[in-house]
Amino acid sequence: CKQRRKFNFCTDCNSKTHSADRCPNIWRSYITLPQNKAHKFKYPADLIYCYNCAERGHYGDECLQQRVSKTPNINGSAFTGENLPRELR
Amino acid sequence: NNNPRYPWIRNNDHSKQIEISDWLTMEIKDFIKYISPSAEEIQARNNTVGRLRECITGMWPDAEVHCFGSFATDLYLPGSDIDMVVVSKARNNKYDNRSSLYQLSSYIRNNKLGINVETIAKAKVPIIKFVDPATKIHIDISFERTNGIKAAELIISWIKDTPGLRELVLIVKQFLAVRRLNVVHTGGLGGFATICLVRSFLKLHPRMATRSIDPLENLGVLLIEFFELYGYNFGYDNTVVAFDEDGDPYYVSKNSNAAFQNRNPFTLAIQDPHDKNNNISRGTFNLRDIKRAFGGAFELLVNKCYDMNQATYKERLGQSVLGDIIKYKGKQR
Ligand SMILES: [Zn+2]
Ligand SMILES: [Zn+2]
């Protein structure tokens, strides 16, 4: 059995970054695998890298360094700790 | 629906999907099925390669003929070139000279193995270019260059250990090809570099790294997020895409290695998995257009998702999500 869980990124769709009809949750939704004895989700310690500063240990959306890309990241991206399965956050 | 610009949607309507990203996933699969070679096309390509190999080793019994590039890795689009390389069995660079180059090109011409035969002797990598008379496919033959063979072996192992890699690479390659951004000598993104970017993205993605999704069921959202990463967020001025000995991806700062520093900081840097001091995307000087194209694809895809999410079933009928970013030019299949 598959579970579908919405990416829980914007908590308030009336927030200033977008209106409800342009909410990233409309497309950023994953068909997730069930976690059970046979299939455990794995904390990806050695696969967490920052697209912005290249350091290990945090994702680019959470980077404290100045943003390198001149293109703005308004709604957040896939590369955030928020996008880890809830069990591993 | 019979729109000739996106023929893969014919008889494959997914407009009733509730989630637009599922619709996109299904269209990606339809597109890949559509552009995948038929059994006859595979046979014809294999025959061409086999015939050439026989002729060359007939002429030079101590030579080996290998394929590399997209043909060897099964990542080719309809009409893609075949890349071949002649190496001496003893690996003594015996065929790395002009007389071998001219000997083989006259042999191909005289035996009608190729049409429009061109011998390019003065390039950094001297090659013979010609068109196979049977399939009309373009063939390039080089001499004694083994790095392509090594790269092909690596890519084959990556395809095996990374589900979704082949699918996303084919889509991104077609996307780049339509915009002529896939040719390295005009500053575009080459096949191997494209594979490196897709693999790094997939392996480092939080949902993939935790093994909480099956990529083949999530190709739609992953494609959008690929464009999001490399079109919007990636810190090209600072960050290098790298792979360790086991092929696991990581990022490293450009400052850490002189090989990645450049007068223009806005350049793509991908560390050669076989040589830490080599940037395999050194020739990709047109990063500006590539980044802009990726960003544009992100925007078009998400806007299509928002539109289709609000559309009625009647309005959705016969629509293509993928068709906003990929057109299929060429013969109908
Ligand atoms: Zn929202
Ligand atoms: Zn950072």
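The structure holds eleven salt bridges over all chains. The model shown in every view is predicted.

**View 1. The interface between chain B and chain A.** In this view, 44 residues of chain B are in contact with 45 residues of chain A. The two chains bury about 3,900 Å² between them, and 56% of this area lies on carbon and sulfur atoms. B:R207, B:N233 and B:Y306 supply 18% of the area that chain B buries against chain A, more than any other three residues. The rule for polar contacts finds 24 residue pairs across the interface of chain B and chain A, both residues of each pair being at pLDDT 80 or more. At least two residues of the side of chain B that touches chain A come from each of helix 1 (20-35), helix 7 (191-204), helix 8 (206-209), helix 9 (219-233), strand 7 (249-253) and helix 10 (287-310) of chain B. The residues on this side of chain B divide into 19 nonpolar, 14 polar and eleven charged.

**View 2. Salt bridges between the two chains.** Two salt bridges are counted between chain B and chain A. In one salt bridge, the side chains of A:R28 and B:E225 meet at 3.0 Å, N to O. A network of salt bridges links A:R28, B:E225 and B:E228.

**View 3. B:N233 in helix 9 of chain B.** B:N233 has its place in helix 9 of chain B. With a relative accessibility of 1%, B:N233 counts as buried, because the cut-off for that class is under 20%. Leaving aside neighbours within four places in sequence, B:N233 is in contact with A:Y51, A:R67, A:S69, A:N73 and A:S77 of chain A, and with B:E228 of chain B. B:E228 also belongs to the salt-bridge network with A:R28 and B:E225.

View 4. B:T210 is placed in the loop between helix 8 and helix 9 of chain B. The relative accessible area of B:T210 is 0%, and the residue is therefore buried. The side chain of B:T210 reaches the backbone oxygen of B:P206 at 2.7 Å. Not counting residues up to four places away in sequence, B:T210 touches A:F41, A:K42, A:P44, A:L84, A:P85 and A:L88.

**View 5. The aromatic pair B:Y236 and B:F266.** Over all chains, the structure holds 25 aromatic pairs. In the pair of B:Y236 and B:F266, the ring centres lie 5.9 Å apart and the planes stand at 80°, so the arrangement is edge-to-face. The pair links distant parts of the chain, with B:Y236 in the loop between helix 9 and strand 6 (239-243) of chain B and B:F266 in the loop between strand 7 and strand 8 (271-272) of chain B, 30 residues apart. B:Y236 counts as buried at 2% relative accessibility, whereas B:F266 is partly exposed with a relative accessible area of 23%.

**View 6. The surroundings of B:H274.** B:H274 lies in the loop between strand 8 and strand 9 (275-279) of chain B. The residue B:H274 is partly exposed, with a relative accessible area of 41%. Not counting residues up to four places away in sequence, B:H274 touches B:K150, B:A151 and B:L154. B:H274 and B:Y236 are 38 residues apart in sequence, and their C-alpha atoms are 22 Å apart in space.

**View 7. The salt bridge of B:K94 and B:D62.** B:K94 forms a salt bridge with B:D62, and the closest N and O atoms are 2.7 Å apart. B:K94 lies in the loop between strand 2 (82-88) and helix 4 (98-110) of chain B, and B:D62 in the loop between helix 2 (39-59) and strand 1 (63-68) of chain B, so the pair ties together parts that are 32 residues apart in sequence. B:K94 counts as partly exposed at 41% relative accessibility, and B:D62 is partly exposed with a relative accessible area of 30%.

**View 8. The salt bridge of B:R166 and B:D74.** The closest N and O atoms of the salt bridge between B:R166 and B:D74 are 3.9 Å apart. B:R166 lies in helix 6 (residues 165-178) of chain B and B:D74 in the loop between helix 3 (69-73) and strand 2 of chain B, so the pair ties together parts that are 92 residues apart in sequence. B:D74 is partly exposed, its relative accessible area being 39%.

**View 9. The salt bridge of B:R292 and B:D289.** B:R292 forms a salt bridge with B:D289, with the closest N and O atoms 3.6 Å apart. Both residues lie in helix 10 of chain B, three residues apart, about one turn of the helix. B:R292 counts as exposed at 55% relative accessibility, whereas B:D289 is partly exposed with a relative accessible area of 27%.

How values were computed:
Residues are numbered from 1 along each chain as its sequence is written. Chains are lettered from A and ligands numbered from 1 in the order in which they are written. This is a predicted model: local features need pLDDT of at least 70, side-chain atom pairs count only at pLDDT 80 or more; totals for chains, interfaces and linings use all residues. Side-chain values use heavy atoms; hydrogens and water are left out. Contact means heavy atoms within 4.5 Å. Buried area is the accessible area (1.4 Å probe) that two parts lose on being put together, summed over both. A salt bridge is a side-chain nitrogen of Lys or Arg within 4 Å of a carboxyl oxygen of Asp or Glu. A polar contact is a pair of N or O atoms within 3.5 Å; within protein, one must be able to donate a hydrogen and the other to accept it, and residues adjacent in sequence count only if both atoms are side-chain atoms. Helices (H or I, at least four residues) and strands (E, at least two) are DSSP runs, numbered from the N terminus. Ala, Val, Leu, Ile, Met, Phe, Trp, Tyr, Cys and Pro count as nonpolar, Asp, Glu, Lys and Arg as charged, and the others, Gly among them, as polar. Buried means under 20% relative accessible area, exposed over 50%, partly exposed in between (1.4 Å probe, protein chains only). Rings of Phe, Tyr and Trp (its six-membered ring) pair if their centres lie within 6.5 Å; planes under 30 degrees apart count as stacked, over 60 as edge-to-face and the rest as tilted.
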